[in-house]
Amino acid sequence: MIRSRNLVMFVLSLAFVMTPVGTSDMLAHSGALNKDVAARMTLMSNMGRNMGVLGKMLKKKTPFDLGKAVEAINNIERLAVETPTVFEKRVLDPKSEAKELIWEEFEAFKKISIGLATSAKQLSSSMKSFDDLRPALINLSQSCKECHSRFRE
């Protein structure tokens, strides 16, 4: 129980940190000089924003909406599938939080992303009520935490 609670707290804090405060493009938000790095940062911010949708519902900061929850999970699936693609180029930037380990262990990195996409696909079809939200968020956050712990500064 403590482990799952820690995962939920991790993803909630991550989601709120990564949620952009303005409406400007993430290029301006990130400050990255390289367009490939900026694209990666935008993708990850979008991932965080979608996790934030789920986290806010779980914490009852916004009302549970099945359609929005499934949409957020579907977005996470799509973004997880795109993640290895935006990391194919080994490009670093002073604003990047990516470790070089990503490219040294790219297959492991891809495996985590594909695992997240697979989990999200299964969860979106099984999401029926608020009671399904907590286990879904725990499941998704495990992949987020695994990747961030290993491949992010």
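Reader: What caps the N-terminal end of H4?

Author: Aspartate 65 does, with a side-chain oxygen 2.9 Å from the backbone nitrogen of glycine 67. A polar contact is a pair of N or O atoms within 3.5 Å; within protein, one must be able to donate a hydrogen and the other to accept it, and residues adjacent in sequence count only if both atoms are side-chain atoms. This is a predicted model: local features need pLDDT of at least 70, side-chain atom pairs count only at pLDDT 80 or more, and totals for chains, interfaces and linings use all residues. Residues are numbered from 1 along each chain as its sequence is written, and side-chain values use heavy atoms, without hydrogens and water.

Reader: Why is phenylalanine 87 called buried?

Author: Its relative accessible area is 6%. Buried means under 20%, exposed over 50%, partly exposed in between (1.4 Å probe, protein chains only). So phenylalanine 87 is buried. Tryptophan 103, at 12%, is buried too.

Reader: What makes the pair of phenylalanine 109 and phenylalanine 151 edge-to-face?

Author: Rings of Phe, Tyr and Trp (its six-membered ring) pair if their centres lie within 6.5 Å; planes under 30 degrees apart count as stacked, over 60 as edge-to-face and the rest as tilted. Here the centres are 5.4 Å apart and the planes stand at 85°, so the pair is edge-to-face. Phenylalanine 109 sits in helix H6 and phenylalanine 151 in helix H7, 42 residues apart.

Reader: Why is the pair of phenylalanine 87 and tryptophan 103 called tilted?

Author: The centres are 6.3 Å apart and the planes at 45°, so the pair is tilted.

Technical notes: Helix = DSSP H or I, 4+ residues; strand = E, 2+ residues; numbered from the N terminus.
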